[in-house]
Amino acid sequence: MSTQPVERAAAKINLTLRVVGRRDDGYHTLESLVAFADLADTLTLAPGGATALDISGPFADACGTAADNLVLKAVAALGARVAELKAGRFHLEKKLPVAAGIGGGSADAAAALRLLARLNAFAPDDSRVTAAALAVGADVPVCLASRARIMRGVGEQLSEPLMLTPLPALMVNPGVPLSTQEVFKAFAGRQGSTGDLSEVPAGAGALVEYLKRHPNDLTEPAIACAPVIADVLAALNALTGVRLVRMSGSGPTCFALFASAGDAAAGARRLSAGQRTWWVQPAMLG
């Protein structure tokens with residue numbers, strides 16, 4: 001019996017996010033320390049036949065039509081660069097919230113590119129794969145290897161992978177999708193923070209102190225678009241053992257860092273009991 005190739009599409013977490021400027025084409029340039037969670041979607045490929053995508057899982061209905069999914073856009077982008085690209089039927093188990101600021105769609109696209117690279121017998125860091133990744137979306141290149149890095153520009157400038165100490169965390173999404181474009185529109189006229197990301201410490205304590213000096217510039221604009229984000233941040237700050245609370249990406253998903261996985265799990269139980277409509281998941285970030 002043959003086993004279909006499968007890839008995990010890990011949630012991308014912006015530990016920091018600085019808006020550096022804006023290009024002539026309207027895209028904002030960013031600087032962000034990115035980590036990945038042990039929470040993920042799952043993508044499977046059945047090789048051969050017409051290219052197609054089936055979606056299941058708790059957040060399948062929020063994905064919209066398969067034709068608009070970044071998985072199929074990734075296939076098209078790589079197909080434009082590889083003659084006679086072999087593909088097949090994909091199945092996406094959507095476990096991560098959609099439009100949530102954790103790069104779920106980008107991670108799915110990156111997983112598709114990794115599957116296609118395996119099927120077509122070339123390396124996942126092949127220049128055609130990396131070019132296709134950037135063509136699909138700004139967050140897709142960093143999701144290809146799903147390793148902690150500093151990303152700059154519009155996502156095309158990546159540092160070497162970083163070895164971060166695993167960080168026990170609690171991730172919370174209030175169930176309100178939020179458009180990145182809407183958040184950047186609300187950012188207009190504001191100034192980004194200062195302080196270049198360099199010499200990222202490896203130890204947990206030093207890393208948390210480092211993160212406190214480097215915020216997420218999109219937090220206030222996101223709250224202006226979705227005030228419930230302020231409620232999420234307040235709820236996380238009220239938990240026992242919290243070391244840092246922050247929003248990821250353009251929101252609305254937020255996270256809290258804890259000293260131990262036990263504290264994070266206890267926080268998840270407490271928060272889930274009071275907020276049954278929120279997505280609340282303990283995780284490890286690194």
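Predicted model: local features only at pLDDT ≥ 70, side-chain atom pairs only at ≥ 80, totals over all residues.

Colleague: How does the radius of gyration sit with a compact globule?

Modeller: It agrees: for 286 residues a compact globule would come out near 19 Å, and the chain has 19 Å. If you look along the principal axes, the C-alpha trace spans about 55 × 45 × 35 Å.

Colleague: How much of the chain is buried?

Modeller: 51% of the 286 residues count as buried. As for the surface, the chain exposes about 12,600 Å², with carbon and sulfur atoms supplying 52% of that.

Colleague: Changing topic, where is asparagine 120 found?

Modeller: Look at the loop between helix H2 (104–119) and helix H3 (127–136); asparagine 120 is in there.

Colleague: Is asparagine 120 buried or exposed?

Modeller: Buried, because its relative accessible area is 16% and the cut-off for buried is under 20%.

Colleague: Which residues is asparagine 120 in contact with, leaving aside neighbours within four places in sequence?

Modeller: Those would be Glu84, Leu85 and Lys86. With lysine 86 there's a polar detail too: its backbone nitrogen lies 2.8 Å from a polar atom of the asparagine 120 side chain.

Colleague: Back to the whole chain: what share of the contacts with a separation of 6 or more comes from residues 24 or more positions apart?

Modeller: Such residues account for 73% of those contacts.

Note on methods:
Residues numbered from 1 in each chain as written. Heavy atoms only, no water. Rg over C-alpha atoms; globule rule 2.2 N^0.38 Å. Buried < 20%, exposed > 50% of the residue type's maximum accessible area, 1.4 Å probe, protein only. Contact = heavy atoms within 4.5 Å. Areas by Shrake-Rupley, 256 points an atom, 1.4 Å probe, with all protein chains shown as cover. Helix = DSSP H or I, 4+ residues; strand = E, 2+ residues; numbered from the N terminus. Polar contact = N/O pair within 3.5 Å; in protein donor to acceptor, adjacent residues only side chain to side chain.
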